[in-house]
Structure formats: C-alpha cells, structure tokens
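Subject: Structure handover

Hello,

Please find the structure below, followed by notes on what was found in it.

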Amino acid sequence: MLLGFNFVFTFLQVLLVMTDGISQDSVVGSSRALRNTGVRMLALGIGRKFRRAQLNQIAANPRYVFNSGFRNLHRVVTSIKRTVCKGK
C-alpha cells in the first residue's frame, strides 16, 4: 500500500502534418491554437512543391520541420521517431 504518494502521468500529444503542396489559406491561426493546447506540431514537406515557410509556421520550431522526396519517406521516419520519442 502506498501512502502519501500522488502519481501524475502526462502524455505528449503530437500531430504530424504532411503535405506535398501549398496551403490555400493561412496555417498560422490553426497551428497556434493547437500548440496553445499543448500539442507538439511537426511538419513534413514531401516532394518539391511545398513551401518551407508554411512548414515553419505550422511547427514554429525548425527542429520539428522535415522534408523528403516520395521515394525516401522511409528514411525521414527514423528522424521523426527520434524527435518525438525524445519528448523535447
């Protein structure tokens, strides 16, 4: 029996946004709203037709921005896993 101990478990919420194009509307407000609720936003640009500036607006931290070609997606998965599992 444990007396006097309170355990609180917190879980990191992560959202990975993947795109191969350019958003037709602003991504700033939606991304900020999610981050303000504690969601860690990661952004993955696939191919050549995405805008890195939009990925940066989504993630708000360059460490959470990734890019890859369609044929090399399997390689970026390792980097994303490492980033998410660090919990930082």
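Strand 1 (residues 13-19) and strand 2 (residues 39-46) pair in the parallel sense, over seven bridges. Helices (H or I, at least four residues) and strands (E, at least two) are DSSP runs, numbered from the N terminus, and two strands pair if DSSP finds at least two bridges between them. The model is a predicted one, in which local features need pLDDT of at least 70 and side-chain atom pairs count only at pLDDT 80 or more, while totals for chains, interfaces and linings use all residues. Residues are numbered from 1 along each chain as its sequence is written, and side-chain values use heavy atoms, with hydrogens and water left out.

The sheet

Strands of a sheet pair through backbone hydrogen bonds, either parallel or antiparallel. Here, three strands form an open sheet in the order 1-2-3, with parallel pairing. Strand 1 and strand 3 (65-68) are the edge strands, each pairing on one side only. On average, and with direction ignored, neighbouring strands of this sheet are turned by 20 degrees against each other. Axes here are lines fitted to C-alpha atoms, for helices over the stretch in contact, and angles run from 0 to 180 degrees between N-to-C directions.

Strand 2 is mostly covered, with eight of its eight residues buried. Buried means under 20% relative accessible area, exposed over 50%, and partly exposed in between (1.4 Å probe, protein chains only). In a regular strand the side chains alternate between the two faces of the sheet. In strand 2, Val39, Met41, Ala43 and Gly45 point one way, whereas Arg40, Leu42, Leu44 and Ile46 point the other way, and all are buried.

The crossovers

Strand 1, helix 1 (residues 28-36) and strand 2 make a right-handed β-α-β unit. A crossover is right-handed if, with the strands pointing away from the viewer, the path from the first strand over the helix to the second runs clockwise. From strand 2 the chain crosses through helix 2 to strand 3, and this β-α-β crossover is right-handed.

Which residues of helix 2 are buried? They are Gln54, Leu55, Ile58 and Ala59. Seen down the axis of helix 2, these residues fall within an arc of 130 degrees, so they line one face of the helix. The arc is that of the directions from the helix axis to the C-beta atoms. What covers them includes strand 1, helix 1, strand 2 and strand 3.

Ala60 lies in the loop between helix 2 (52-59) and strand 3. Ala60 has a positive phi of about 60 degrees although it is not a glycine. At 48% relative accessibility, Ala60 counts as partly exposed.

Helix 3

Helix 3 (residues 73-86) has 14 residues and reaches 20 Å from its first C-alpha to its last, close to the 20 Å expected at 1.5 Å a residue. The expected span is 1.5 Å times one less than the number of residues. Its buried residues are Val76, Ile80 and Thr83. They cover an arc of only 60 degrees around the axis, which puts them on the same side of helix 3. The cover over these buried residues includes strand 1, strand 2 and strand 3. On the face turned away from the buried side are the exposed residues His74, Arg75, Lys81, Cys85 and Lys86.

Gln13 is found in strand 1 and is partly exposed, with a relative accessible area of 46%. Not counting residues up to four places away in sequence, Gln13 touches Thr37, Gly38, Val39 and Arg40, where contact means heavy atoms within 4.5 Å. Gln13 and Val84 are 71 residues apart in sequence but 9.5 Å apart in space, C-alpha to C-alpha.

Regards
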